[in-house]
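Open the structure in your viewer and keep the selection panel at hand. Here is a short tour, stop by stop.

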Amino acid sequence: MTPGQESGSGETRPPVVLACGEVRTCLLPALQALDSRAAAQLLGLRADERVLLSERPNLYGRSPDTLTGVDCPLPSANGARIRAVGTVAARAALTEGRVLQSSAYFRVPAAGPDHRRPWGHYLVRPGTVEPFGKLPYEAVAQGLLNGGRHGELDVGLIADGLLTRLLRHPLLDQRPPLKSRPTRLRWVALPAEHGEGPSIERFTLAEDELRTVRLRVPAGTPAGDIAGLCDDLALHDWLLTTVVRILDGIRLGAAEPPARTRPRAGEDRPAVVAALRPAVDHLLHLWMPRARVAHGLAPLWEALEDRPGFTRQWRTLVQRIRDQLALHAIPHREAS
Amino acid sequence: MTEAVFRETAAEPRTQAVPLSHLSLELGHLYMEDFEAGPEHLRRHFERVRPWAEAARAGAGGAGRRARISTCFLIDDYFTRFASPAEVVPMLLEEAARAGLAVDYLARESGCAVAGKTPVAEAVAGRIVEEPPPGSYGLRPPVTQTGWLANGERSPVARAPQAMKKATAWQPPKETAARRHSVFLDVELWDDGPDGHRTWSCPFLAAVWQLARLGLLRDDGEAVLVPQPHTGDSFPDDWDELPPLLRLNPRADPFAAYRTCSVIPSRFLPVEHAVRVILDQIEVDPGALAQTAERSAREDTAVPDSVADRVSYVFYAGQ
């Protein structure tokens, strides 16, 4: 063994200048929410590493990270071709036994060697993808957000792969209690100016189910923490999206169908109540921004609370649902 | 930043630390055929090992301090069950002592498959992250062969030629880390019997053995294959009654170490090549890896980054 192969404390590694990830969020396709034990079974991706389970401030389980090896060009906005090799980390999380997320992410140092190293080198740096040469990180960050061309690193594919694997789990009866669509959130984080705190530069609701987030974070912020923040953003964005759709899909205030002369008990539930009830049963208690966001990144939520005001919108939606249900709870005296 | 007031232990990862020597020196493997060849065979083995063991000791010392070195010996009780510990172990120790060697730790190969109740081999198999060939952009490698692990891309499967079409020409396999020319290796990790019973291959168990000696195995954060002290003078009549890892010398340095060295006959070369291919594609517990890195740095002892590079061998000529 030559000394050159060894990394003592002497070797300085180039700093991480870019982190990127993609989150998939969907309703767990099961009639009943999973309890902690079932959650641990679903998320137990490895025999020798336990699922992290937490009960405060809400029920939450997270799988161990799994790695996928990659060796391909990174997408870049200016067309530069930068080959990179390493591993992308992916994990899954289940909130209140109801909302399933898969999250894949990686970080990239400012520079790397211009040749591929033995695979063992990359495996001791889990979740790191090393560029060949110097990384034009602004162009790559934009390229990653825009989505790459075929054959370029696709972190969404890795999140998808993990989600697909979990959705086939025998614990799931494939009978979701309400209709919803999965969402995708793609994020990049670039270094903040020296001495500056973290900030959200842009949160975009792009085409249909895609959201993109561009962040600035202080040097040394762990990629896992950033992924945790983005999981939290994705979860709450999905909740908003799903509840907005539920309310969108029903015709509020529309004339009731002609009242039958004597409705039989149990059959007179109006369509509005039928549509709103699953939201009350399964979604309304899930709103809990920042429940597990790393201390240093929690302030980023404030920007979104200010504009567009995530929690403000949520409260309005919840209030509308409650008002509707209250209205329908009043017997239609006028009609009788 | 202030320390969090509220904590949940189930929500925090933890990794048990294990004591570490500088070097884990393996004095040999024992298979049935070695035992059947009689004590003289073992005597010749230890006589050949001795100078190399001394050289490894001399090389392990660093910066004027006493190097912590532990010796170990592995007995195969997995592929074939032969004799009994009461017969084998005293003879083994006697022949080692005759050559001036002391065996600090004795391990059973079946402990690398299942140690106590821990399915070690299965857990390690779950940590394989296959080396991606160039062009891997996030799709799972399509060529994954269950139960096999290669150091590169396999030859494409030849399809049966259709009528009027020429058969596809043979394409060579390709070692990913090749320097111009490939040395392609495809390792069988296990096979499943008709009864569904899985038998792990010798190279795979040997890779688990290396990880154990490097102190990098954990089960839910707990150390596995923890040495048990040897009490009393005798050895049991049944291999199952012998702990998977036994500390024979109460004053021995820790079993696990920053590096390993094995002194074995050259017939093991293909197996150990396969071990390297496997070790190079296993993502070991990051907590265990961090503990090794932190402690070796504190001791000012250089440890190679890559796990496969922490393993070394002396192959002596012969059987």
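Which residues have the most contacts inside the largest nonpolar core? Select A:Leu18, A:Val88, A:Ile226 and A:Cys230; the core they belong to has 80 residues. A nonpolar core is a set of buried Ala, Val, Leu, Ile, Met, Phe, Trp, Tyr and Cys residues joined through C-beta atoms within 7 Å. Buried means 20 or more other C-beta atoms within 10 Å of the residue's own, exposed means 12 or fewer, and partly exposed lies in between, with C-beta atoms placed from the backbone.

Before moving on, note that this is a predicted model: local features need pLDDT of at least 70, side-chain atom pairs count only at pLDDT 80 or more, and totals for chains, interfaces and linings use all residues. Residues are numbered from 1 along each chain as its sequence is written, while chains are lettered from A and ligands numbered from 1 in the order in which they are written.

Helices (H or I, at least four residues) and strands (E, at least two) are DSSP runs, numbered from the N terminus. A second, separate core has 77 residues, including B:Phe46 and B:Leu211. In soluble globular proteins, nonpolar side chains tend to be buried together.

Now zoom to A:Val88. Leaving aside neighbours within four places in sequence, its contacts (C-beta atoms, placed from the backbone, within 7 Å) include A:Phe106, A:Val129 and B:Gly138.

**Helix α8 of chain A**

Select residues 310-329 of chain A. Which residues of α8(A) are buried? They are A:Phe310, A:Leu317 and A:Ile321.

**A hairpin in chain A**

Next, select β11(A) (199-205) and β12(A) (210-217). They pair in the antiparallel sense over six bridges; pairing takes at least two DSSP bridges. Four residues form the hairpin link between β11(A) and β12(A). A:Leu205 has A:Arg211 as its bridge partner in β12(A).

**Where the chains meet**

Show both chains. Here 39 residues of chain B are in contact with 40 residues of chain A. On the chain B side, α7(B) gives the most, with three residues.

Key
Expected span 1.5 Å × (residues − 1). Contact = placed C-beta atoms within 7 Å.
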